[in-house]
2 protein chains.
Amino acid sequence: MKTININLEKRGYPIYVGEGLIENYDLFKKHISNKKVAIITNDKVAPLYLQKITNILSTEKDIIPIILPDGEVFKNLETLNLIYDALLTNKANRQVTLIALGGGVIGDITGFAAATFMRGVDFIQIPTTLLSQVDSSVGGKTGINHQLGKNMIGAFYQPKCVIADISLLKTLPDKELSAGLAEVIKYGLIRDASFFEWLENNIEGIMKRDPQLLIQSVIRSCQNKADIVEADEFESGIRAILNLGHTFGHAIETATGYGKWLHGEAIATGMVMAAYLSEQMGWLSKEDNQRIKSLITHANLPIKPPEISKQKFLDLMQLDKKTKEDQINLVLQQGIGKAILTSDYNIEKFHNTLLQKTF
Amino acid sequence: MKTININLEKRGYPIYVGEGLIENYDLFKKHISNKKVAIITNDKVAPLYLQKITNILSTEKDIIPIILPDGEVFKNLETLNLIYDALLTNKANRQVTLIALGGGVIGDITGFAAATFMRGVDFIQIPTTLLSQVDSSVGGKTGINHQLGKNMIGAFYQPKCVIADISLLKTLPDKELSAGLAEVIKYGLIRDASFFEWLENNIEGIMKRDPQLLIQSVIRSCQNKADIVEADEFESGIRAILNLGHTFGHAIETATGYGKWLHGEAIATGMVMAAYLSEQMGWLSKEDNQRIKSLITHANLPIKPPEISKQKFLDLMQLDKKTKEDQINLVLQQGIGKAILTSDYNIEKFHNTLLQKTF
């Protein structure tokens with residue numbers, strides 16, 4: 001087991017990465033001082049792992065299982081209220097620990113429930129997808145969607161610890177493994193050229209789920225994200241580069257309706273669009289743009305956006321949180337391993353990017 | 001104008017107390033760096049002050065007025081969602097400032113909206129009741145109710161500033177002035193015996209709304225609360241004494257249905273119950289208990305609880321946030337000007353207090 005420490009002022013926490021971690025009771029014990037523990041999961045993950053974790057914890061803890069419907073469409077106020085209902089019906093008070101057992105949706109909504117139930121209770125994340133292991137487990141972003149936009153309601157709130165157990169990825173559908181790789185590739189693109197190269201060399205083994213390669217992918221991704229988040233916990237500056245591909249990607253997700261495109265798939269295509277615009281601006285070589293598209297393709301991710309009109313794209317991007325007053329900021333590439341947040345791009349080339357059917 | 005500075009690490013802010021402050025644009029300007037400003041108020045306060053404040057701000061700012069239905073029963077998820085809807089429909093982004101124009105309900109729900117809209121935006125409080133000027137303007141507690149309990153959902157989140165304009169109290173109904181005085185009296189009871197004495201000597205003038213006496217009452221209350229909150233921002237220790245009367249009071253509010261009893265009225269009766277139990281324990285003299293009841297009565301506040309069975313009282317108090325595991329902690333008096341949080345009281349005397357019809 002490898003431990004990555006997230007060093008935030010007063011709110012630091014460890015991420016444990018390894019195989020078979022959920023069977024290690026000591027790991028839980030270290031971070032749960034309370035008697036009551038609510039395990040929040042969904043109806044897809046519950047049959048796989050809920051009983052196992054309940055068995056491990058229930059000798060010393062009172063378990064409240066809360067099973068939500070699966071899917072991004074349920075990441076909303078109504079589902080959040082189901083968590084509050086269950087906690088209050090089971091007389092949970094401030095001395096409760098919430099465990100998020102699931103992917104990004106479960107992590108986000110459980111984290112937000114923890115941030116807001118009785119003004120804040122403890123929580124632990126057990127991410128069950130590659131995407132949530134490398135992405136939502138670092139950074140303390142929690143929240144839910146609103147019909148007018150993704151993640152519009154939320155809070156910054158840190159877990160007590162994250163248990164990233166690679167064994168849980170055995171049951172992950174191929175499509176979701178690929179979606180997770182989109183974020184893994186992103187870390188290479190924004191600040192770690194040698195990691196990008198390592199991914200190019202090992203993408204086949206990763207796709208075959210070699211445990212050691214997966215562990216390496218998770219560790220290096222979390223470490224990269226941790227470095228950025230530690231420098232900018234509340235996303236006022238450098239942290240914005242983590243949104244590479246996200247402004248395009250969120251628009252794709254919203255336009256197609258949450259859940260049609262997986263988050264990672266939308267982000268992958270968003271990164272391809274950002275790379276295209278970067279190449280058009282002369283900031284990224286044609287060859288490097290080709291390498292990006294190639295790695296994304298080898299990870300079985302889409303490089304072609306769905307049918308969205310330019311105007312629709314613009315409307316959806318304007319609402320994105322990453323806008324300052326009325327101007328669209330984008331994260332673009334200045335070579336592989338270097339991303340910048342900028343509004344200093346050519347507006348025609350940007351509009352032209354939105355009009356492209358293939359890349 | 002007098003300024004009280006709340007000194008919280010990285011999140012300090014000033015409370016301005018005086019007459020005619022809302023007409024002072026410079027005060028707003030100092031704390032609003034953004035172009036878009038949403039004023040959140042209710043249908044009772046809006047006709048009185050919304051236009052006035054809009055006029056003052058609208059030369060330099062884009063105003064989004066958001067008028068909510070008035071009352072504690074609307075301090076819930078559905079009303080909160082109305083705020084999110086209005087903000088998103090008006091294309092507000094992270095660079096929006098929310099202004100809470102109203103009493104405690106408006107302050108709590110607006111503060112929670114600010115804490116959670118796009119993971120946190122700026123907000124300013126303009127409390128329009130005595131209760132909210134002396135209570136919710138200090139401490140950063142924000143939140144909403146759940147049908148199973150009051151303030152069950154919320155966050156700690158600090159405003160940019162609080163503008164406590166005494167002139168706004170001219171339109172306050174008598175009943176609400178009294179309700180505010182319950183919290184004012186509380187500060188004397190928990191830690192400021194000389195303030196309690198000052199209140200005994202000036203209660204008549206205060207009831208006649210003498211502006212200078214009201215200003216003094218607000219300043220001294222805020223200063224007392226600020227001292228406590230600064231020592232314990234996240235309510236892990238000493239801050240609990242601010243809940244004098246609240247465990248009993250919340251049970252009264254919940255049992256009678258939100259809105260039947262004003263918060264301040266329930267707290268007043270709760271303080272009388274706490275004083276009674278304290279006297280029974282031998283911690284408070286009979287004479288001091290009499291002084292407490294007398295001042296509360298002179299402030300036109302109730303000292304007699306509604307019809308609630310002992311079991312109902314116990315059920316409701318157990319759910320209160322101030323419980324550690326399964327044991328009820330209470331804030332009790334050790335003389336006027338000294339309160340303690342304790343579970344070390346006689347359980348029969350406590351049950352007997354719940355059975356009393358008059359005090």
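Which residues of α12(A) do A:T247, A:A251, A:T254 and A:A255 in α9(A) meet? The legend to view 1 answers this. The model is predicted; local features need pLDDT of at least 70, side-chain atom pairs count only at pLDDT 80 or more, and totals for chains, interfaces and linings use all residues. Residues are numbered from 1 along each chain as its sequence is written, while chains are lettered from A and ligands numbered from 1 in the order in which they are written.

**View 1. Helix α9 of chain A against helix α12 of chain A.**
Helices (H or I, at least four residues) and strands (E, at least two) are DSSP runs, numbered from the N terminus. Helix α12 of chain A spans residues 310–318. The partners in α12(A) are A:K312, A:F313, A:L316 and A:M317. Contact here requires C-beta atoms, placed from the backbone, within 7 Å. The axes of the two helices come within 9 Å and cross at roughly 110°. α9(A) is therefore roughly perpendicular to α12(A). Axes are lines fitted to C-alpha atoms, for helices over the stretch in contact, and angles run from 0 to 180 degrees between N-to-C directions. Angles under 35 degrees count as roughly parallel, over 145 as roughly antiparallel, 65 to 115 as roughly perpendicular and the rest as oblique. The crossing of α9(A) and α12(A) is right-handed. A crossing is right-handed if the near helix is turned clockwise from the far one by less than a right angle, and left-handed if anticlockwise. By class, the contact of α9(A) with α12(A) has five nonpolar residues, two polar and one charged. Ala, Val, Leu, Ile, Met, Phe, Trp, Tyr, Cys and Pro count as nonpolar, Asp, Glu, Lys and Arg as charged, and the others, Gly among them, as polar.

**View 2. Helix α9 of chain A against helix α10 of chain A.**
Helix α9 covers residues 246–256 and helix α10 covers residues 263–280. Their axes lie 7 Å apart, at an angle of about 130°. This makes α9(A) oblique to α10(A). α9(A) crosses α10(A) in a right-handed sense. From α9(A), the contact uses A:H246, A:F248, A:G249, A:I252 and A:E253. From α10(A) come A:H263, A:A266, A:I267, A:T269, A:G270, A:M273 and A:A274. Six residues of this contact are nonpolar, five polar and one charged.

**View 3. Domain 1 of chain A meets domain 2 of chain A.**
Domain 1 of chain A runs over 2–171, and domain 2 over 174–355. These bounds come from an automatic or database domain assignment. The domain centres, taken over C-alpha atoms, are 26 Å apart. Each domain gives 30 residues to the contact. On the domain 1 side, β1 (2–6), β2 (13–18), α5 (130–134) and β8 (149–156) of chain A give two or more residues.

**View 4. Chain B against chain A.**
Here 30 residues of chain B are in contact with 30 residues of chain A. Two or more residues on the chain B side come from each of α3 (77–89), α4 (104–116), β7 (141–146), β8 (149–156) and β10 (323–324) of chain B. β8(B) gives the most, with six residues. The chain B side has 12 nonpolar, 10 polar and eight charged residues.

Two copies of a chain are related by a rotation about an axis and a shift along it. Chain B is laid on chain A with an RMSD of 0.0 Å by a turn of 180° and a shift of 0.0 Å along the axis. Superposition is by least squares on the C-alpha atoms of residues with pLDDT of at least 70 in both copies. In chain B, the C-alpha nearest the axis belongs to B:L77, 3.9 Å from it. The same surface serves both copies, with 100% of the contact residues of chain B recurring in chain A.

Note on methods
Two residues are in contact if their C-beta atoms, placed from the backbone, lie within 7 Å.
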